[in-house]
Amino acid sequence: MKAWLTQQRAAFALALNRLANTPSTTLLAALSIGIALALPAGGQLMLSSLQQFGQGSSATPQISVFLTLNATDKQADALGEQLKTHAGIAGVQFISREDTQKRLRNGGLAQIIDSLPNNPFPDTFIVAPRETAPEALESLRENLGKLSHVEHVQLDSAWARRLAALLQLGRTVVGLLAVLFGIGLVALIFNTIRLQVLTQGEEIEVSRLLGATDAYIGRPFFYFGALQGLLGGLLACLIVYGGFALLQAPVSELATLYSLDFSLRQLRLLDALAMLGLASALGWLGATLSVRRHLKRL
């Protein structure tokens with residue numbers, strides 16, 4: 001066991017020495033790996049932020065019932081009583097046209113609201129359905145649209161379904177990019193190790209004459225690929241963290257302007273560790289494939 005640990009330590013030190021002896025090549029390779037990993041990682045974080053926003057905003061589907069502009073207070077009260085006794089409705093909230101106008105005025109649209117000749121907003125009932133199945137929601141929406149003094153009925157969860165479909169498409173695209181960039185990373189390490197094996201061909205032949213096995217000869221190359229992948233993973237973490245830090249303030253300002261509870265999800269420690277582990281594993285895989293192939297040719 002002690003001899004095995006000594007061999008691993010020696011191979012690791014040799015790999016570090018090779019990296020240090022070619023700083024420009026090491027930096028360029030790490031930068032290429034970092035960019036290749038940062039793109040899908042950043043896309044996944046962005047999708048996670050949007051998914052959390054969608055889940056938090058659409059936990060309970062709601063239906064907005066807009067009354068006609070000429071509906072009187074008495075007619076609105078009668079409709080409210082009718083909605084409260086409806087079998088498919090769990091709760092009803094009334095928002096008067098005056099409340100809507102006041103909320104928009106306080107939200108930064110005072111000049112536009114004051115320039116209007118009269119209040120253009122209708123009285124509204126926010127309805128919480130008992131059943132959240134898509135068929136039940138659509139049926140309830142159609143039934144509410146047939147009630148007296150109802151101008152329009154809007155199913156507020158429709159946008160959430162569209163967002164879910166877009167997120168699914170985004171996850172597919174990010175997954176495809178991750179696979180393609182992963183293959184590119186393996187190919188990059190493969191080619192780098194190939195050049196090193198060919199450059200050190202004579203040294204490898206001498207080691208074989210002295211009785212060294214292919215596992216012993218290839219071990220420094222394995223560590224070299226893993227370390228190069230690790231450096232690329234570190235750069236990817238820095239790129240993602242720095243990019244999202246720069247975007248945090250503009251996104252928060254935009255969310256405030258639109259009264260949205262949305263913020264970017266930052267790179268967490270577990271995410272960074274997973275990225276580093278994946279980068280190292282891909283580097284080790286590329287080195288393994290290259291060493292096994294080219295040692296047989298020497």
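**View 1. Surroundings of Val 291 in the predicted model.** Setting aside residues within four places in sequence, Val 291 is in contact with Ile 193, Val 197, Gly 218, Phe 221 and Phe 222, where contact means heavy atoms within 4.5 Å. The model is predicted, so that local features need pLDDT of at least 70 and side-chain atom pairs count only at pLDDT 80 or more, while totals for chains, interfaces and linings use all residues. Residues are numbered from 1 along each chain as its sequence is written, and side-chain values use heavy atoms, with hydrogens and water left out.

**View 2. The largest nonpolar core.** A nonpolar core is a set of buried Ala, Val, Leu, Ile, Met, Phe, Trp, Tyr and Cys residues joined through side-chain atoms within 4.5 Å, and buried means under 20% relative accessible area, with exposed over 50% and partly exposed in between (1.4 Å probe, protein chains only). The largest such core has 38 residues, of which Ile 193, Val 197, Phe 221, Val 240, Leu 267 and Val 291 touch the most other members. At least two residues of this core come from each of α1 (2-21), α2 (23-57), α6 (158-199), α8 (214-257) and α9 (269-297), the helices (H or I, at least four residues) and strands (E, at least two) being DSSP runs numbered from the N terminus. With twelve residues, α8 gives the most to this core. Another core, of 17 residues, lies apart from it and includes Val 65, Leu 67, Leu 79 and Leu 137.

**View 3. Packing of α1 against α8.** The two helices, α1 and α8, pack at an angle of about 55° with their axes 8 Å apart; axes are lines fitted to C-alpha atoms, for helices over the stretch in contact, and angles run from 0 to 180 degrees between N-to-C directions. That angle makes α1 oblique to α8, since angles under 35 degrees count as roughly parallel, over 145 as roughly antiparallel, 65 to 115 as roughly perpendicular and the rest as oblique. The crossing of α1 and α8 is right-handed, that is, the near helix is turned clockwise from the far one by less than a right angle. On the α1 side the contact includes Gln 7, Phe 12 and Leu 19, and on the α8 side it includes Arg 219, Phe 221 and Leu 227. Sorted by class, the contact of α1 with α8 has eleven nonpolar, two polar and two charged residues, where Ala, Val, Leu, Ile, Met, Phe, Trp, Tyr, Cys and Pro count as nonpolar, Asp, Glu, Lys and Arg as charged, and the others, Gly among them, as polar.

**View 4. Crossing of α7 and α8.** Helix α7 (residues 201-209) and α8 have axes that come within 10 Å and cross at roughly 145°, in a right-handed crossing. Here Ile 204, Ser 207 and Arg 208 in α7 meet Asp 214, Ile 217 and Phe 221 in α8. The residues of this contact divide into three nonpolar, one polar and two charged.

**View 5. Thr 26 in helix α2.** Thr 26 has its place in helix α2 and is buried, with a relative accessible area of 8%. Not counting residues up to four places away in sequence, Thr 26 touches Leu 19, Gln 228 and Leu 231. The C-alpha atoms of Thr 26 and Gln 228 are separated by 7.1 Å, although these residues are 202 residues apart along the chain.

**View 6. His 149 in a loop.** His 149 lies in the loop between α5 (134-145) and β4 (150-155), and its phi is near 65°, a positive value in a residue other than glycine. His 149 is partly exposed, with a relative accessible area of 33%.
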